[in-house]
Each structure stands twice: as C-alpha cells, then as structure tokens.
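This report goes through the chain from its overall make-up to its side-chain contacts and its surface. Please keep the sequence and the model in view while reading.

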Amino acid sequence: MKKFAPAIIAVAALLGLAVNLHSQGILPKSPVEKLRAFKAKNEEIIKAQGATMEKLEELDKQAEQMRFFVKRG
C-alpha cells in the first residue's frame, strides 16, 4: 500500500489539473465566427506586411542614393 500511495496522489493531482484546465477553455465557436476571426487576423497581417514593404522600399531608395553618391565621389 505504501508503494502505491505516491502514484495515487500523482494521478489525483493530474486529474485535478486536467479538470481545471478544461473548465477554463474557450467556448467553441461556430464555423462562421471562426472564419470572421481568421479574416480579421489576416487583415492585420496584411497591414503589417504592407507597412514592412513600405519600409523596405524606402530603404531601397536610400541604398540607391548611397550607391549613386559613392560612384560620384
């Protein structure tokens, strides 16, 4: 009996944690709500990518100017 006590306690602790984790889960969404969430997230990503592209284009312009001045000097 003494050999099984730690195992029983460990199993009880794991089951207790599993119940707590499950109870705090997000409620399932309908497929339409999931698609709307994906669409919103995709729009955010596209905006971030657009801002990054603008920065890269500006850096490219600056690099081109630097190349021009280096060749000139």
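## Basis and secondary structure

Helices (H or I, at least four residues) and strands (E, at least two) are DSSP runs, numbered from the N terminus. On that basis the chain comes to two helices and zero strands.

This is a predicted model, in which local features need pLDDT of at least 70 and side-chain atom pairs count only at pLDDT 80 or more, while totals for chains, interfaces and linings use all residues. Residues are numbered from 1 along each chain as its sequence is written, and side-chain values use heavy atoms, with hydrogens and water left out.

## Exposure of the chain

Of the 73 residues, 0% count as buried, where buried means under 20% relative accessible area, exposed over 50% and partly exposed in between (1.4 Å probe, protein chains only). The chain exposes about 7,500 Å², of which carbon and sulfur atoms supply 67%; such areas come from the Shrake-Rupley method with a 1.4 Å probe, and for residues only the protein chains shown count as cover.

## The salt bridge

One salt bridge is found in a search of the whole structure, the term meaning a side-chain nitrogen of Lys or Arg within 4 Å of a carboxyl oxygen of Asp or Glu. R67 forms it with E64, and the closest N and O atoms are 2.7 Å apart. Because R67 and E64 are three residues apart in helix α2 (residues 31-72), about one helical turn separates them. R67 is partly exposed, at 43% relative accessible area, and E64 is also counted as partly exposed, at 46%.

## The aromatic pair

The ring centres of F68 and F69 are 5.7 Å apart and their planes stand at 65°, so the pair is edge-to-face; rings of Phe, Tyr and Trp (its six-membered ring) pair if their centres lie within 6.5 Å, with planes under 30 degrees apart counted as stacked, over 60 as edge-to-face and the rest as tilted.
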